[in-house]
Amino acid sequence: MSEKGKGMSGPVWGRRLASAAGEANVAFCAGWDVRRREAADLQLLPCDLWTNRAHCVMLARAGVIPAQSLKAILKALRELEECSEQGRFELDPKLEDVHLNVESYVEAQAGVSVAGLMHTGRSRNDQVATDMRLLLRDKTLAFAGEALALCETLVRLAKRNTRTLMPGLTHHQPAAWTSLGHWAASHAFAFSRDAQTLLDACDLMNASPLGAAASFGTSWPLDRPFAASLLGFDGPQVNTLDCVTNRSEFEARTAGHLAVWAQHAATLAQDLILFSSPPWSLMRIGDAYVTGSSIMPQKRNPDFAEVTKAKAALAGSTAATLLDLTRGDASGYNREQQWSKYLMLDLFAELGPAPVVLRGALESLTFDKKRMRSLMQHDFLEAADVADYLAQTRHVAFRQTYRWLGEAVRLSEETGQDLAHAVNAVLEKEKGIALLDETEMKNLTDPDYLVDRRSSLGGPSPESVTAQCDLLSGHLRNLTARRNKFMRGLDGARHRLEQAMLRYSGTQRSK
């Protein structure tokens, strides 16, 4: 190999893997290490442009802004948007924030007398509250979509593996026989609740603060419901003081939902770490979703799963910080509210790729079903099932059969005999209790037989898991339809804005 071919054009550990490490996985694990983050208000710019257009169109409709002035404002805003999309617009720190940068740009293009009309009947307080509501709604809907896709991946995995049996754990210890399908469905149910609460959060936040001004309304003839409709809101948030006071409320609510999602993701991540690592080795994560060591060439590290747990810690602390941020504030605007913007942008930047990476990792899994079966023969995982069986067929209290099984497990450990024979040795000392016959002894050592018997609602029997998957699939269809309806509503709002821009200024956006 030439010297050029020996260089580090990729990770130093890449040659260990049969296929290239996935770019999304590497970026997810690297975090900020080698990448910059965009300025907070530059991320807010598309929302501020939408807010400015809606507000100015509303003012023109009310006769506050002349049609020609509106036309000049909209033309300048369109030029600014195009500059931004081409990477030619930079925020001037001397102008403090995105709102004044936008107004300054319009002033440079259309003149001060025109740009000065933009801020009529509003404050930066309601302006930024509206911008943040738009941003929060957009990012929450996007995250909910990825969370639903992750759920669907888990449901497909569950459906394919209703009869793929494996050890189940409690306290990180072998506990009982279960199925891979039951395991996957459990995670799908948790994530489906998260998707539902995220959509609930979108519904709750979907009221417009625009027009609240500095907190106390205005004497200008604003049509707040009309402006709200142009922004895709269900209507205006009614009390103007409440609009400004609660600026960080929906950030805290959404962060809380994201933190719960991240906790569920951390549990899935820990399961993947545990089940893919020796001595378990029940599954293997695809090469695109593992990383290696700079010194130990044999390593296949589940870094994405460890990083997911770190991000769960960050999500929890962010949610707590947002709750504390404005604790004890007086009504109205307080400057610390500004930090809710940074916290939420950081949280979405950290968590945004997580459901995508988790979904990819799940789809990359391969399973060692023989090893799953082999490990099920150890550690007396059938003990609770045998106790249940004896209670049901010998018509004695479960606590009695529980004691028999405890004694049988100890006897089996001491003598080396299998559990069924040890049970009979215990039962021989009990008067009037029939011993296990050959058929029963065979059945009670058969994982399929015992898992099939656990057919209670929500249990791991194949029929039960299939029913759970059907329930999940229906629920996910409903949630997806609900999200799609919300998205169509936003598309409708953009169309209404386009039409209003044309009607009240004789101009229309070029895109």
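This passage walks through a predicted model of a protein chain, from its overall form to a few local features.

The overall picture comes first. The protein chain holds 20 helices and 4 strands. Its radius of gyration is 30 Å, well over the 24 Å that the globule rule gives for 511 residues, so the protein chain is more spread out than a compact globule. The C-alpha trace extends over about 100 × 65 × 40 Å along its principal axes. Of the 511 residues, 50% count as buried. Contacts also reach across the sequence: of those between residues at least 6 apart, 76% join residues at least 24 apart.

Buried positions in α15 are A383, D385, V386, A387, Y389, L390, A391 and R394. The cover over these buried residues includes four helices, namely α16 (398–415), α17 (419–427), α18 (438–443) and α19 (447–453). Directly after α15 comes H395, which belongs to the loop between α15 and α16. Most residues other than glycine have a negative phi, and most peptide bonds are trans. H395 has a positive phi of about 55 degrees although it is not a glycine. With a relative accessibility of 69%, H395 counts as exposed, because the cut-off for that class is over 50%.

A pair of aromatic rings is described by the distance of the centres and the angle of the planes. The model contains 8 aromatic pairs. W339 and Y342 are 3 residues apart in helix α12, so about one helical turn separates them. Both W339, at 45% relative accessibility, and Y342, at 27%, count as partly exposed. In another pair, the ring centres of F398 and Y402 are 6.1 Å apart and the planes are at 50 degrees, so this pair is tilted. F398 and Y402 are 4 residues apart in helix α16, again about one helical turn. An α-helix has 3.6 residues a turn, so residues three or four places apart point the same way. F398 is partly exposed at 34% relative accessibility, and Y402 is likewise partly exposed at 49%. Elsewhere, ring pairs link F143, F191 and W261 into a cluster.

Charged side chains also meet rings. The ring of Y402 has the charged end of R399 sitting over it, 4.9 Å from the ring centre. In a further case, the charged end of R137 sits over the ring of F233, at 4.8 Å from its centre.

G211 is buried, with a relative accessible area of 5%. Leaving aside residues up to four places away in sequence, G211 touches G121, D126, G217, T218, L222 and R224. G211 and D223 are 12 residues apart in sequence, and their C-alpha atoms are 8.4 Å apart. S215 is found in the loop between α7 and α8 as well. The phi of S215 is near 145 degrees, a positive value in a residue other than glycine. At 1% relative accessibility, S215 counts as buried, whereas H395, described above, counts as exposed.

Two further loops complete the tour. P279 lies in the loop between α10 (249–276) and β3 (283–284), and the peptide bond from P278 to P279 is cis, with omega near 5 degrees. E336 is placed in the loop between α11 (303–325) and α12 (339–351). E336 is partly exposed, with a relative accessible area of 29%. Residues up to four places away in sequence aside, E336 touches L325, T326 and D329. E336 and R124 are 212 residues apart in sequence, while their C-alpha atoms are 15 Å apart in space.

Terms used:
Residues numbered from 1 in each chain as written. Predicted model: local features only at pLDDT ≥ 70, side-chain atom pairs only at ≥ 80, totals over all residues. Heavy atoms only, no water. Buried < 20%, exposed > 50% of the residue type's maximum accessible area, 1.4 Å probe, protein only. Helix = DSSP H or I, 4+ residues; strand = E, 2+ residues; numbered from the N terminus. Contact = heavy atoms within 4.5 Å. Phe/Tyr/Trp six-rings, centres within 6.5 Å; stacked < 30°, edge-to-face > 60°. Lys NZ or Arg CZ within 6 Å of the ring centre and 35° of its normal. Rg over C-alpha atoms; globule rule 2.2 N^0.38 Å.
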